[in-house]
Amino acid sequence: LPMLERGEALEVTRLHSLAGVLAPGTGLIRRPPVRMPHHSASSEGILGGGRLLRPGEASLAHHGVLFLDEAPEFGSMLLQGLREPVEEGRVTIARAGSTVAWPARFQLVLAFNPCPCGNLGRSGRVCACSPVEIHRYWRRMGGALLDRVELRVPVEPVPAARMFEAPPRDEGRRIAERVAEAAAVQRRRHAGRGFTWNARIPAGMLDELCPIDAQGRTALLDSAERLGISSRAFHAVLRIARTIADLDGGPRILERHLLEAVEHRKYGDGDFRWIRE
């Protein structure tokens, strides 16, 4: 992620100070925060609250990333509590006689196995889980939260033979440069609209900010009907396609951008087994 602008840095620094986790003499936090709470964390620790009403990890990840590893282990109630910050960009805590709201506009990253044993779909491994156990495992995430997860990327374990391979030289720097360029494009496009990123484009502005031609419209409608995606997912596909086009360096959303965005929605809808085609 690109470095925080001054206004964003002020918001992040204030939240960290309010939570009591800002070390003395730290100054403004310029890098986007990455918070990785353990799955044993309480709802108050993630969403905020407590006797002294302090921001939780969701607000400490404001303008950054909230990463939940082994996501189903966090518990259904806590995971469903993330729907408000994911959708609205804030956390609201209601107490007797008072209500407190903290900003929490972050990228939510969830990581978990495809099944309880972790072997579903893995080459050369045998999954010992029953279909009932697999569906029960995925139900911990909840359909409402999964519908708000716009990029679903199944990954394979790294082969042992590649463990000693060095990563491509300067790969991280090149990726960061592409992201920074796409971020700058989005900041210019959305200047003065009350939001910065494509992920926050209101549904009523999608036709204006995410225009597609007749060929792209046909491809998107065909995919939506075939997959039976919700209206929320339909809008999310347009936002993701807009971001893919920005990363591609093009001003227009092409059919291939839409098809790639649709592909990212498929995993976890209906069949949880992933087979590389």
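## Overall size

A compact globule of 277 residues would have a radius of gyration near 19 Å, and this chain has 20 Å, so the two agree. The model is predicted. Its C-alpha atoms fill a box of roughly 50 × 45 × 45 Å, taken along the principal axes.

## Inside the chain

The chain holds 12 helices and 7 strands. Of its 277 residues, 36% count as buried.

Residues 24 or more positions apart account for 64% of them.

## How H11 meets H12

Two of the helices pack against each other. Helix H11 covers residues 231-248, and helix H12 covers residues 255-266. Their axes lie 8 Å apart, at an angle of about 125 degrees. The crossing of the two helices is right-handed.

## Residues in the contact

H11 brings Ala233, Ala236, Val237, Leu238, Ile240, Ala241, Ile244, Ala245 and Asp248 to the contact. From H12 come Arg256, His257, Leu258, Glu260, Ala261, Val262 and Arg265.

What kinds of residues make up the contact of H11 with H12? They divide into 11 nonpolar, 1 polar and 4 charged.

Key. Residues numbered from 1 in each chain as written. Predicted model: local features only at pLDDT ≥ 70, side-chain atom pairs only at ≥ 80, totals over all residues. Heavy atoms only, no water. Axes fitted to C-alpha atoms, helices over the stretch in contact; angles between N-to-C directions. Helix = DSSP H or I, 4+ residues; strand = E, 2+ residues; numbered from the N terminus. Left-handed = near helix turned anticlockwise from the far one by under 90°. Contact = heavy atoms within 4.5 Å. Nonpolar A, V, L, I, M, F, W, Y, C, P; charged D, E, K, R; others polar. Rg over C-alpha atoms; globule rule 2.2 N^0.38 Å. Buried < 20%, exposed > 50% of the residue type's maximum accessible area, 1.4 Å probe, protein only.
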